[in-house]
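Dear colleague,

I am handing over the structure below, and after it you will find notes on what turned up when I went through it. Please read them with the structure open beside you.

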Amino acid sequence: HLAAWTDIGDSWEKAEPGGAPGYDLQVLRLTNEEVPGPKPKLFVMAAIHAREYATAVLVTRFAEHLLDQYDLDPDVTWLLDYHEIHLLLQANPDGRKKAEAGTLWRKNTDSDDGCSNPDQWGTDLNRNFGFQWGCCGGSSSDSCDATYRGPGAASEPETQAVQGYVRSQFPDQRDEDLASAAPDDATGVFLDIHSYGELVLWPWGFTSSPAPNATALQTLGRKLAYFNRYFPEQSIGLYPTDGTTQDWAYGELGLAAYIMEVGTQFFQKCDTFERTIFPDNL
């Protein structure tokens, strides 16, 4: 009565006719089904960049902690009784398979966009989302580049799966005009977990102009950073990006949307994870 899996779509290899077997994208939904809703929702996704090892295990350990501590820890019990927590543990499973062979693979494994080097195939899924896609120099049009944005907005099945699922769970609370703010009673939190850099980032990433809800986004971002002692800043402070998850989640739906850059390297050491990353972020 606490946990359920939902298949939200296919990886590129599974979606490609006649391709490799590929994978399903699976969301783990945690809530006490015996307590009626509606309930506030948290959506967390991990490993959209395949080489960022710590992200998927951090979100998995979060799920394990919630289930292990239900009916033991009053805060955990309250969370699962009166909230829904939606966890996409592997947002880029084809790429993750590549990374687990020891290569610093970042993108998905899309091979039909014109790149002739198999070691550089793929679309950067965190440049492929359908808000301000390719707008502002924060991604590449070269299909071999690490930040290749794909041939079109939301061209990749993984992106389509995430966008479709998030839209199905959260109302559209923000007008399309870039200057429009989400209302004060907007609901929903969206977290995209990355590594590395020890940062908490909020929209916008495509412009240095503050988002319409900048004060609220900054306040919550600084609150998150209080717990993990990371550096909080507007996303463009790291470098310009466009077509990203957090700008899409806030820009299209008005969600409180953040990217968290955990840890200190892509292939993080297990002892570092256990000593700092997991306890600091739990």
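Aspartate 175 is found in the loop that runs between helix H5 (157-169) and strand S5 (189-194), where helices (H or I, at least four residues) and strands (E, at least two) are DSSP runs numbered from the N terminus. With a relative accessible area of 54%, aspartate 175 is exposed, a word that stands for over 50%, while buried stands for under 20% and partly exposed for what lies in between (1.4 Å probe, protein chains only).

This is a predicted model, in which local features need pLDDT of at least 70 and side-chain atom pairs count only at pLDDT 80 or more, whereas totals for chains, interfaces and linings use all residues. Residues are numbered from 1 along each chain as its sequence is written, and side-chain values use heavy atoms, with hydrogens and water left out.

Proline 38 lies in the loop between strand S2 (24-30) and strand S3 (41-46), and tyrosine 196 in the loop between S5 and strand S6 (199-202).

Finally, phenylalanine 273 and phenylalanine 278 are both buried.

Best wishes
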